[in-house]
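Look at the chain below, first as a whole and then piece by piece.

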Amino acid sequence: MARYRTIGIGMDYSPTSKQAVQWTVDHLVRSGDTVILIHVVSGKSDHGEKVLWGDSGSPLIPLYEFMEMNLRVRYGLNPDKEVFSILDTASRDKQIKVLAKVYWGDPREKLCEAVANLKLDSLVVGNRGLGPLKRTLLGSVSNYVVNNITCPVTVVRATSGSKPKTQLNYN
């Protein structure tokens, strides 16, 4: 009997993070798995929830509650209905559980914390496709995560076509 897995998806609602959601649903999840959307909001934001949950991140929020919340006001997020639609359909069709969690701070550090705290079996992140100079100046979240997380990581890279490329890293 297969063991149920907990799979995290780094989410910023960029085109590549949306592709990461679709890739995860199409290629990784199976019945009984749990998917956790991991949002990291800038540490500079001062939303009320940050005061309550700043160090540990928000409680785990079921997808149906997360879809109904005023996320912009409560957490400073600008959600994408397409992401919710993909996950809502997958939760019914593939019988998976979908949760969300919000952290505040540096995405690189918070994604690493999430892997440990949520006991993730795998993490999927998008790649913004920065060139070498921008990656050096700004830092690459996906590169940092691949080199510092202890679970398998899949980086979904956007391409000019409709099918994303993936890079797997098994630490």
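What follows is a short walk through this model.

The model is predicted, so local features need pLDDT of at least 70 and side-chain atom pairs count only at pLDDT 80 or more, while totals for chains, interfaces and linings use all residues. Residues are numbered from 1 along each chain as its sequence is written, and side-chain values use heavy atoms, with hydrogens and water left out.

The chain has 8 helices and 7 strands; helices (H or I, at least four residues) and strands (E, at least two) are DSSP runs, numbered from the N terminus. Of its 171 residues, 46% count as buried. Buried means under 20% relative accessible area, exposed over 50%, and partly exposed in between, with a 1.4 Å probe and protein chains only. Among contacts (heavy atoms within 4.5 Å) between residues at least 6 apart in sequence, 75% join residues at least 24 apart.

Now take helix H5, residues 81-93. It has 13 residues and reaches 18 Å from its first C-alpha to its last, close to the 18 Å expected at 1.5 Å a residue; the expected span is 1.5 Å times one less than the number of residues. Its buried residues are Val83, Phe84, Ile86, Leu87 and Ala90. They lie on the same side of H5, because they cover an arc of only 160° around the axis, taken from the directions from the helix axis to the C-beta atoms. An α-helix has 3.6 residues a turn, so residues three or four places apart point the same way. The face turned away from the buried side carries the exposed residues Lys81, Arg92 and Asp93. After H5 comes Gln95, whose phi is positive, near 55°.

Where does the buried side of the chain gather? The largest nonpolar core has 32 residues, and those with the most contacts inside it are Val21, Leu37, Phe66, Tyr75 and Leu87. Such a core is a set of buried Ala, Val, Leu, Ile, Met, Phe, Trp, Tyr and Cys residues joined through side-chain atoms within 4.5 Å. H5 gives the largest share of this core, 5 residues. Leu87 touches Val21, Val25, Leu37, Leu63 and Val98, not counting residues up to four places away in sequence. A second, separate core of 18 residues includes Ile36, Leu111, Ala114 and Leu120.

Last, the cysteines. A disulfide is a pair of cysteine sulfur atoms within 2.5 Å, and the count here is 0. For Cys112, the nearest cysteine sulfur, that of Cys151, is 9.3 Å away. Cys151 counts as buried, at 6% relative accessibility.
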